[in-house]
Amino acid sequence: MIISIIAAMSEDRVIGANGRLPWNIPADLARFKSITMGHAVLMGRKTYQSIGHPLEGRKNIVLTRTLSKIEGCQVARSLREGIAAVEGDEEIFICGGEEIFREALPICQRIYLTIVHGSYQGDIYFPELPGCFVESHREENPDASPPTSFMVLEKADRIQPGADAAELRQKGLEAVNRHLYFLARCCFQQALTLEESAETSSDYAFCLVKSSGDSQAAQALAETALQRDPENLRILLNVGRVQILAGAKERGLDTLRKGVQLGGGEEFLTELTRCGTRNDRPIKSLPRSHPLNRYLGLLMHRIDPPKRQ
Ligand SMILES: NC(=O)c1ccc[n+]([C@@H]2O[C@H](COP(=O)([O-])OP(=O)(O)OC[C@H]3O[C@@H](n4cnc5c(N)ncnc54)[C@H](OP(=O)(O)O)[C@@H]3O)[C@@H](O)[C@H]2O)c1
């Protein structure tokens, strides 16, 4: 599970004043809602009281040592207990205030941070950021009132110092499995400085595009890797995904179909399904995931791949 912090602070780190937010920025509230919707949100009792009600569409966890029950929320006695309550979720959002941010910073992997440009009076502050957080995405809104910067920061210090290329690659693959694309990108990038590899290069390209990097550069990099090793299934999968993400959908689908022809399995079909290009299941009375349908589906795909739409 990814532990993320989501916060908005002024240039001088102010986040609260007299128990409330020091500003009213509808675009930032909308960003907060779209990022956290469907996930668990964890907050301190004072932040909860300043909002005044549970946030809809999200599991609300409130940290408190004094209250035993809050309508519509789960109460937790410690940060650890609050996080354990959603073990198995993809991502949990720590929503403040200051006390909770301070405690969560050492264990969080990602920070969705809004910088509100300007100076604000306040009594609650965002803690000093440790140097291990690296900016992975930034969107400037200079014409908004007040102007804001929407940023995403990722923790990048968990790359083993002194690791060799194989260890870094392994760490990168583990990070991909956990959807930590920025960390994976750093691992693959570092592995490539130690050892040239078309496969690692294609993994790097996939993570580059997934972590808001330059998608055109990622596509060029991935396609060069494929030229060097044209029948490598992992590279074909990465190239297909990168092409689709970079907007070259037909090219990406052709790459994925070629992968299936060469023996690629479920991962290729999952990507093709995601793009809505799969045939009907061979035995309609059985679910798509049934081993018979999986086997027959792959076989039919290899004998007669679907045509371009
Ligand atoms: N700009 C932003 O992004 C942002 C985000 C959130 C909040 N805020 C602002 O921040 C202010 C509130 O923040 P705050 O720092 O004063 O309070 P807070 O962190 O929201 O809440 C503090 C309370 O949480 C409980 N608590 C803290 N640590 C705990 C732990 N480890 N285990 C169990 N309970 C724990 C305690 O509740 P009990 O006293 O009940 O034990 C404590 O009094 C408001 O002004 C709000 O508007 C701003």
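Ser197 is buried, at a relative accessible area of 17%. Buried here means under 20% relative accessible area, exposed means over 50%, and partly exposed lies in between (1.4 Å probe, protein chains only). Ser197 sits in the loop between helix H6 (181-194) and helix H7 (198-210). Helices (H or I, at least four residues) and strands (E, at least two) are DSSP runs, numbered from the N terminus. A polar atom of the Ser197 side chain lies 3.3 Å from the backbone nitrogen of Glu199. This pair is a polar contact, defined as N or O atoms within 3.5 Å; within protein, one must be able to donate a hydrogen and the other to accept it, and residues adjacent in sequence count only if both atoms are side-chain atoms.

The model is predicted: local features need pLDDT of at least 70, side-chain atom pairs count only at pLDDT 80 or more, and totals for chains, interfaces and linings use all residues. Residues are numbered from 1 along each chain as its sequence is written, and side-chain values use heavy atoms, with hydrogens and water left out.

The protein chain contains twelve helices and ten strands. Its C-alpha trace spans about 70 × 50 × 40 Å along the principal axes. Of the 309 residues in the protein chain, 48% count as buried.

The space it takes is the largest pocket. On a 1 Å grid over the protein atoms alone, a pocket is an open set of points with protein on both sides within 12 Å along at least five of seven lines, whereas a cavity is a set of points where a 1.4 Å probe fits but cannot get out; lining residues have an atom within 4 Å of a point. A molecule sits in a cavity or pocket if more than half of its atoms lie within 2 Å of its grid points.

The shell around the ligand holds 27 residues, of which Arg45, Thr47, Thr64, Arg65 and Thr66 come nearest. A residue is near a molecule or strand if one of its heavy atoms lies within 4 Å of it. The shell divides into nine nonpolar, ten polar and eight charged residues. In this division Ala, Val, Leu, Ile, Met, Phe, Trp, Tyr, Cys and Pro count as nonpolar, Asp, Glu, Lys and Arg as charged, and the others, Gly among them, as polar. Strand E1 (2-10), strand E2 (14-16), helix H2 (45-51) and helix H4 (98-104) each supply at least two shell residues.

A polar backbone atom of Gly97 is 3.1 Å from a ligand oxygen. The protein covers 91% of the 930 Å² of accessible area that the ligand has on its own. Accessible areas come from the Shrake-Rupley method with a 1.4 Å probe; for residues, only the protein chains shown count as cover.

Gly97 also takes part in a cis peptide bond. The bond joins Gly96 and Gly97, with omega about 0 degrees. Gly97 is in the loop between strand E6 (91-94) and H4. Glu99 lies in helix H4. Glu99 is exposed because its relative accessible area is 57%. Its C-alpha is 17 Å from that of Leu67, 32 residues away in sequence.

Helix H2 contains Ser50. Ser50 counts as partly exposed, at 34% relative accessibility. The Ser50 side chain reaches the backbone oxygen of Thr47 at 2.9 Å. Ser50 and Leu21 are 29 residues apart in sequence, with 8.6 Å between their C-alpha atoms.

A cis peptide bond also runs from Ser145 to Pro146, with omega near 0 degrees. Pro146 is placed in the loop between strand E9 (133-141) and strand E10 (148-155). Thr148 lies in strand E10. Thr148 counts as buried because its relative accessibility is 3%. Thr148 and Lys171 are 23 residues apart in sequence, yet 35 Å apart in space, C-alpha to C-alpha.

Positive phi values occur at Arg13 and Asn18, neither of them a glycine. Arg13 has a phi of about 70 degrees and is in the loop between E1 and E2. Phi of Asn18 is near 50 degrees. Asn18 lies in the loop between E2 and helix H1 (26-36). Its relative accessibility is 70%, so Asn18 counts as exposed.
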